[in-house]
Amino acid sequence: MHGSIPAVLDTFGAEVRFYREIAPVAGVRVPACYEASQASEGTILVLEDLSAWRQGADPAVAAGVLAALHHRWEGKAALRWPWLRRPGAAADLVEDLFGRTWPALAARGDLTAGVAALGARLAGRVMEAESGIGRAGRATLIHGDASLANMRTGPGGEVALLDWEDVAAAPGILDVAWLLVSSVDPPRWDEVIAAYRPSADLASVLPAVTVQGLLSLSDTPAGSTQATAWMGRLEEAAARLAAAP
């Protein structure tokens, strides 16, 4: 839809460019690309079928794959591919979306106190939260949606990263923060952070990432298993933000 967040960010066009320009040199396993084209009618991607691979990945292994990707392109990605989106792109649209979503989410009966307080603090401050990403370290090539749902594990344990619509140039910890908030049970967070980089600091990116987590929570039925899982991860994010200096 014209004016929507995917349209403004040209997510489909970005994925085509990723497979044309970046995938051959990315240094991580992605589906082989047989065709990547874009025309006025839309985009065409013909990719290797990895449906036989196991969906997801061990979170600590996934963190190691992300670390290798980020180390390879730190300080280089934005120069080599200047079309990559930067932190804060479409932040005004995310602010508007969150402002329209939060009142109904806040009224849900299944919100925990910590998640409710977190959402209330972020309401009206999404653009400020997005600005924190730029303070989280040097930009590198990031996947942009590094949830376990966008990973597959092969028979030999190799992890492939799928769905590159949100590829960007940003601090690598942004990928790790979304991996944690979207996919990792809180008892494993420290293990995953250590597998990525022992001194990794989430505090600068967690506010923006938790906005996305709250929007994802809003798409789940109240009281459902999915909602409960999101709530636990968002509670962990809220606790870490509260403890941050």
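**Around the loops**

Me: Let's start with Asn150. Where is Asn150 found?

Reply: Asn150 sits in the loop between strand 4 and strand 5 (151-153). Keep in mind that this is a predicted model.

Me: Is Asn150 buried or exposed?

Reply: Asn150 counts as buried because its relative accessibility is 9%, and the cut-off for buried is under 20%.

Me: And what does Asn150 touch?

Reply: Not counting residues up to four places away in sequence, Asn150 touches His143, Asp145, Ala160, Leu161, Leu162 and Asp163.

Me: Asp163, then. Which loop is Asp163 in?

Reply: Asp163 is in the loop between strand 6 (159-161) and strand 7 (168-171). Asp163 is not a glycine, although its phi is positive, at about 60 degrees.

Me: What about Ala90, what's its phi?

Reply: Near 65 degrees, which is a positive value in a residue other than glycine. Ala90 is in the loop between helix 4 (77-80) and helix 5 (91-106). Ala90 is buried, with a relative accessible area of 10%.

Me: Switching to the core. How many residues are in the largest nonpolar core?

Reply: The largest nonpolar core has 73 residues. Met151, Trp164, Val181, Leu214 and Leu217 have the most contacts inside it.

Me: Which helix gives the most to this core?

Reply: Helix 8 (residues 173-183), with 8 residues.

Me: How many residues of helix 8 are buried?

Reply: 10 of its 11 residues are buried, so helix 8 is largely enclosed by the rest of the structure. The buried ones are Ile173, Leu174, Asp175, Val176, Ala177, Trp178, Leu179, Leu180, Val181 and Ser182.

Me: Which other residues of helix 2 are buried?

Reply: Thr11, Gly13, Ala14, Val16 and Ile22 are buried in helix 2 too.

Me: What do the buried residues of helix 2 pack against?

Reply: They pack against helix 1 (5-9), strand 1 (33-39), strand 2 (42-47) and strand 4 (139-142).

Me: New topic, helix pairs. At what angle do helix 6 and helix 10 pack?

Reply: Helix 6 (residues 113-122) and helix 10 (residues 206-218) pack at about 115 degrees, and their axes are 10 Å apart. Helix 6 makes a left-handed crossing with helix 10.

Me: Which residues make the contact?

Reply: Helix 6 puts in Val115, Leu118, Gly119 and Leu122, while helix 10 brings Pro207, Thr210, Val211, Leu214 and Leu217. By class, that contact has 7 nonpolar residues, 2 polar ones and no charged ones.

Me: What touches Ala129, then?

Reply: Ala129 is in contact with Leu122, Ser204, Pro207 and Ala208, leaving aside its neighbours within four places in sequence. Ala129 lies in helix 7 (residues 126-131).

Me: Is Ala129 buried or exposed?

Reply: Buried, because its relative accessibility is 8%. The C-alpha atoms of Ala129 and Ser147 are 20 Å from each other, with the two residues 18 apart along the chain.

Me: Last one, Ala78. Where is it, and what is it in contact with?

Reply: Ala78 lies in helix 4. Leaving aside neighbours within four places in sequence, Ala78 is in contact with Arg86 and Ala169. At 23% relative accessibility, Ala78 counts as partly exposed.

Terms used. Residues numbered from 1 in each chain as written. Predicted model: local features only at pLDDT ≥ 70, side-chain atom pairs only at ≥ 80, totals over all residues. Heavy atoms only, no water. Axes fitted to C-alpha atoms, helices over the stretch in contact; angles between N-to-C directions. Helix = DSSP H or I, 4+ residues; strand = E, 2+ residues; numbered from the N terminus. Left-handed = near helix turned anticlockwise from the far one by under 90°. Contact = heavy atoms within 4.5 Å. Nonpolar A, V, L, I, M, F, W, Y, C, P; charged D, E, K, R; others polar. Core = buried A, V, L, I, M, F, W, Y, C linked by side-chain atoms within 4.5 Å. Buried < 20%, exposed > 50% of the residue type's maximum accessible area, 1.4 Å probe, protein only.
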